[in-house]
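Keep the view open while reading.

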Amino acid sequence: MANANSEFDADAFRTGIRFVYNLAAPPVAEEQITFFYNSQLIYNTPVDGEDTPFDPQATVQRVAPRAVKNVPCGIEYFDAAHQEIVFGTVTASKIHVTLLDEDYQRVKGANYVVLGGEKYLYKVTEAPSGLFDVGLYVTHWTNENDT
Amino acid sequence: MTFPGTPSNLRFRYRHVHATMFDYVKTSLVGLGWGDAGLPASDPANAAVNFATTPATYLEFQPDESGVKIAVNTVAITLGDEPASEDEEMGPGLQLVRFPVFVDIYGANQAISHSIASDVKHMLENHYQQVMDHTVSPPAPVDEQLELDKDDVMVMKPQAALSAQDFRRYWRVVKTLARVHYIGDAHV
């Protein structure tokens with residue numbers, strides 16, 4: 001790998017980072033972050049560009065991908081509360097989730113996460129960075145319910 | 001053009017007209033050499049794209065309204081608000097509804113945008129076909145006549161394009177009316 005360094009132990013680094021991430025995770029399992037993927041709807045009739053059928057009686061097969069839990073990650077919370085905003089402007093609470101490369105591959109493509117009972121929608125992934133041959137990914141998520 | 005003679009009982013007419021217009025514009029543009037980004041690069045449709053530009057991306061919705069990134073050479077075919085139906089003088093129960101049609105073109109540069117818009121304008125002038133029922137595959141014609149008159153077609157540059165960045169400032173819109181003639185549904 002291009003950035004490999006013989007004196008840098010990538011596995012030990014990952015182990016150490018994951019230890020810190022797990023240390024900072026909520027102790028209640030139900031409050032820990034869970035990554036979800038949108039269900040795939042398969043219709044038995046023709047659909048339009050938004051995958052909506054023309055026949056209102058079309059039958060649908062719903063394929064719900066399994067949610068991903070127990071992913072070590074760092075979470076930063078940005079609260080939009082107590083900020084004056086112009087009426088009609090949406091300023092939602094956000095979280096930034098930092099993942100190691102191997103853990104990012106487990107949750108890549110997730111559509112939303114649930115953390116502490118709150119649902120956050122995926123927005124963007126920053127340009128990747130890293131330390132020698134360990135990649136780091138910072139993903140941005142926006143609270144669905146905040147206005 | 002032949003006016004309809006029987007009730008088609010077409011439910012969700014707006015969507016079927018939209019899909020009919022989308023299929024017509026997309027098929028025509030692919031046939032005119034603008035390619036299809038939804039097909040592999042090795043597909044014959046993308047073998048010799050006009051001006052060696054990027055194959056076109058065809059959408060049924062406005063990309064910015066659906067949170068979809070706008071790709072170079074995007075062609076979005078949409079309908080505007082559906083107006084009230086009008087009674088026509090010819091034939092019993094014959095009605096007319098005029099759907100606004102918008103073809104938004106985000107070309108790679110000025111020349112490409114104008115070239116695509118020119119092809120779209122030409123194909124929307126004096127075109128007549130039946131509305132297609134998209135509940136079946138392949139879509140089947142129904143007894144409703146879709147009319148595109150040359151007097152309704154125009155090419156515009158949206159105001160928002162003036163302040164847009166990168167290739168989005170080459171945004172052009174082809175506007176027309178899709179006149180749909182149909183036999184009104186019987187109401188008891």
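Q: Which residues does Gln129(B) touch, not counting residues up to four places away in sequence?
A: This is a predicted model. Gln129(B) is found in strand β5 of chain B, residues 127-133. Its partners beyond four places in sequence are Thr20(B), Tyr24(B), Glu144(B), Gln145(B) and Leu146(B).

Q: Is Gln129(B) buried or exposed, and with which side chain does the side chain of Gln129(B) make a polar contact?
A: Buried means under 20% relative accessible area. Gln129(B) has 19%, so Gln129(B) is buried. At 2.9 Å, the side chain of Gln129(B) makes a polar contact with the side chain of His127(B).

Q: Where does Phe102(B) lie, and which residues is Phe102(B) in contact with, leaving aside neighbours within four places in sequence?
A: Phe102(B) lies in strand β4 of chain B, residues 94-106. With a relative accessible area of 25%, Phe102(B) is partly exposed. Beyond its sequence neighbours, Phe102(B) is in contact with Ala76(B), Ile77(B), Thr78(B), Leu79(B), Gly80(B), Val173(B), Val174(B) and Lys175(B).

Q: How many Å apart in space are Phe102(B) and Thr176(B), C-alpha to C-alpha?
A: In sequence, Phe102(B) and Thr176(B) are 74 residues apart. In space, C-alpha to C-alpha, the separation of Phe102(B) and Thr176(B) is 6.8 Å.

Q: Which element gives the largest share of the largest nonpolar core?
A: This core has 33 residues, and Met21(B), Leu29(B), Val103(B) and Leu124(B) touch the most other members. At least two residues each come from α1, β2, β4, α2, β6 and β8 of chain B. The largest share is six residues, and the element is α1(B).

Q: Which residues is Leu29(B) in contact with, leaving aside neighbours within four places in sequence?
A: Leu29(B) is among the core members that touch the most others. Its contacts beyond four places in sequence are Trp34(B), Tyr58(B), Val75(B), Ile116(B), Asp119(B), Val120(B) and Met123(B).

Q: How many residues are in the second, separate core?
A: In soluble globular proteins, nonpolar side chains tend to be buried together. The second core includes Val97(A), Leu99(A), Ala110(A) and Trp141(A). Its count of residues is 17.

Q: In what order do the elements of chain A run?
A: Chain A has 147 residues, of which buried residues make up 31%. There are two helices and nine strands in chain A. From the N terminus on, the order is α-β-β-β-β-β-α-β-β-β-β.

Q: Where is Asn46(B) found, and which backbone nitrogen does the side chain of Asn46(B) reach?
A: Asn46(B) is found in the loop between α1 and β1 of chain B. At a relative accessible area of 10%, Asn46(B) is buried. Its contacts beyond four places in sequence include Gly35(B), Leu39(B) and Pro55(B). At 2.7 Å, its side chain reaches the backbone nitrogen of Asp36(B).

Q: Which residue forms a salt bridge with Asp101(A)?
A: Side chains of opposite charge can pair when their charged atoms come close. For Asp101(A), the closest N and O atoms of the pair are 2.9 Å apart. The pair joins helix α2 to helix α1 of chain A, 87 residues apart. Asp101(A) is buried at 14% relative accessibility, and the partner is Arg14(A).

Q: How many residues apart in sequence are the parts that Glu102(A) and Arg18(A) tie together?
A: Glu102(A) and Arg18(A) form a salt bridge, with the closest N and O atoms 2.9 Å apart. Glu102(A) lies in helix α2 and Arg18(A) in helix α1, so the pair ties together parts with a sequence separation of 84 residues.

Q: What is the area buried between chain A and chain B?
A: The contact takes ten residues from chain A and twelve residues from chain B. Carbon and sulfur atoms give 60% of the buried area. The area is about 860 Å².

Technical notes:
Residues are numbered from 1 along each chain as its sequence is written. Chains are lettered from A and ligands numbered from 1 in the order in which they are written. This is a predicted model: local features need pLDDT of at least 70, side-chain atom pairs count only at pLDDT 80 or more; totals for chains, interfaces and linings use all residues. Side-chain values use heavy atoms; hydrogens and water are left out. Contact means heavy atoms within 4.5 Å. Buried area is the accessible area (1.4 Å probe) that two parts lose on being put together, summed over both. Helices (H or I, at least four residues) and strands (E, at least two) are DSSP runs, numbered from the N terminus. Buried means under 20% relative accessible area, exposed over 50%, partly exposed in between (1.4 Å probe, protein chains only). A polar contact is a pair of N or O atoms within 3.5 Å; within protein, one must be able to donate a hydrogen and the other to accept it, and residues adjacent in sequence count only if both atoms are side-chain atoms. A nonpolar core is a set of buried Ala, Val, Leu, Ile, Met, Phe, Trp, Tyr and Cys residues joined through side-chain atoms within 4.5 Å. A salt bridge is a side-chain nitrogen of Lys or Arg within 4 Å of a carboxyl oxygen of Asp or Glu.
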